[in-house]
Amino acid sequence: MIIGGPSSQLLAGRVAAAMNEELALCEYKAFPDGEAYTQVIGDLDDHVVIIQSTPTDRDLVYLLQLLDVARHSRVSLVIPYFGYARQDKQFKTGEPLSARAIAWAVSPFLENGRIFTVNIHAPSILEHFACQSLNLDATPLLADRIREMDLHDPVIISPDKGAVKMAETAARHLGVQFDYLEKTRHSGTEVSMAPKEIDARGRDIVITDDMIATGGTMATAIALLHKQGARKVYLAAVHPVLTGNAVLKLYRAGVEAVIATDTLDRGVSSVSVAPVIAQALKG
Ligand code: R5P
């Protein structure tokens with residue numbers, strides 16, 4: 001039985017269809033004081049799959065409520081987009097490791113269970129779960145979509161060195177070049193950014209990253225690559241968080257198209273991660 005949380009209904013439906021499993025009917029609403037209300041309608045199986053991304057604090061509460069409903073079943077938990085994953089280190093004294101706090105809140109419900117994430121920002125977070133855990137990679141699915149796009153002399157670029165692994169994976173899948181944007185500081189106030197190795201002139205560029213949140217990182221990269229003579233600039237990201245006016249920023253910067261997955265259900269979520277989740281759940 002697949003239980004889809006409120007932020008992952010479409011993905012849960014797709015996983016249930018791919019696995020030919022029952023999709024539970026659930027109700028999600030708020031009490032008059034704003035507290036979240038969850039009900040799973042009908043009996044639960046001995047083994048249930050809960051799929052719920054946690055882009056907001058409320059989504060995290062819904063997830064805890066679902067885990068409590070399923071406390072007598074063996075649970076396979078899928079958190080396709082794991083919120084707070086960028087708070088995986090203590091940067092200043094007095095700060096929490098928020099990602100660890102969430103892992104510890106969820107862990108008591110997973111004693112005999114498993115957890116799956118998709119391109120979690122810091123895979124080390126999975127070490128905070130005592131149960132079996134696996135971080136799935138949606139990059140090959142994004143690469144398959146890029147292949148269908150008939151690009152001109154394409155190159156895959158990471159917006160920084162830290163995320164170059166994803167660009168490399170996509171590039172190897174496609175058999176094309178990859179690179180990353182390198183920052184050079186010329187003086188106290190002057191910083192320039194450019195691809196480390198490749199010349200962007202006249203080429204179609206796909207910038208890859210695990211997530212687009214405010215769009216600031218990508219908008220800067222798009223504008224820069226256009227300045228350097230790129231023909232068309234596309235974005236491919238796993239998690240389209242897209243807060244506030246992120247989409248406007250990306251299009252103002254001159255993006256040709258944004259490709260993302262359905263770890264979050266947005267207008268740009270054209271690639272489904274359901275096949276990799278279904279495959280992992282069968283394992
Ligand atoms: C950072 O480490 C991430 O990989 C993304 O590059 C970043 O979170 C994107 O954030 P924003 O869209 O707000 O620039």
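The model is a predicted one.

Let me begin with the sheet. Five strands form an open sheet with parallel pairing, and their order is β1-β4-β5-β6-β7. At the edges stand β1, residues 2–4, and β7, residues 132–136, each of which pairs on one side only. On average, neighbouring strands of this sheet are turned by 15° against each other, with direction ignored.

For a particular pair, consider β5, residues 74–79, and β6, residues 114–118. These two strands pair in the parallel sense over four bridges. Within this pairing, Ser 76 stands opposite Arg 114 in β6.

I turn now to the helices. Helix α1, residues 9–19, lies across β1 and β4, the latter comprising residues 47–51. The helix runs at about 165° to β1.

Helix α2 covers residues 57–69, which is 13 residues. At 1.5 Å a residue, the helix should span 18 Å, and its end C-alpha atoms are 19 Å apart, which agrees.

Which residues of α2 are buried? They are Asp 59, Leu 60, Tyr 62, Leu 63, Leu 66 and Leu 67. Viewed down the axis of α2, these buried residues fall within an arc of 160°, so they line one face of the helix. The general principle is that an α-helix has 3.6 residues a turn, so residues three or four places apart point the same way.

Against what do the buried residues of α2 pack? Their partners are the strands β1, β2 (25–30), β3 (36–41), β4 and β5, together with the helix α3 (98–106).

Asn 20, in the loop between α1 and β2, has a phi near 55°, a positive value in a residue other than glycine. Is Asn 20 buried or exposed? Its relative accessibility is 70%, and because the cut-off for exposed is over 50%, Asn 20 counts as exposed.

The other residue is Tyr 84, which lies in the loop between β5 and α3. Tyr 84 is not a glycine, yet its phi is positive, at about 70°. With a relative accessible area of 32%, Tyr 84 is partly exposed.

Definitions and conventions: Residues are numbered from 1 along each chain as its sequence is written. This is a predicted model: local features need pLDDT of at least 70, side-chain atom pairs count only at pLDDT 80 or more; totals for chains, interfaces and linings use all residues. Side-chain values use heavy atoms; hydrogens and water are left out. Two strands pair if DSSP finds at least two bridges between them. Axes are lines fitted to C-alpha atoms, for helices over the stretch in contact, and angles run from 0 to 180 degrees between N-to-C directions. Contact means heavy atoms within 4.5 Å. The expected span of a helix is 1.5 Å times one less than its number of residues. Buried means under 20% relative accessible area, exposed over 50%, partly exposed in between (1.4 Å probe, protein chains only). The arc is that of the directions from the helix axis to the C-beta atoms.
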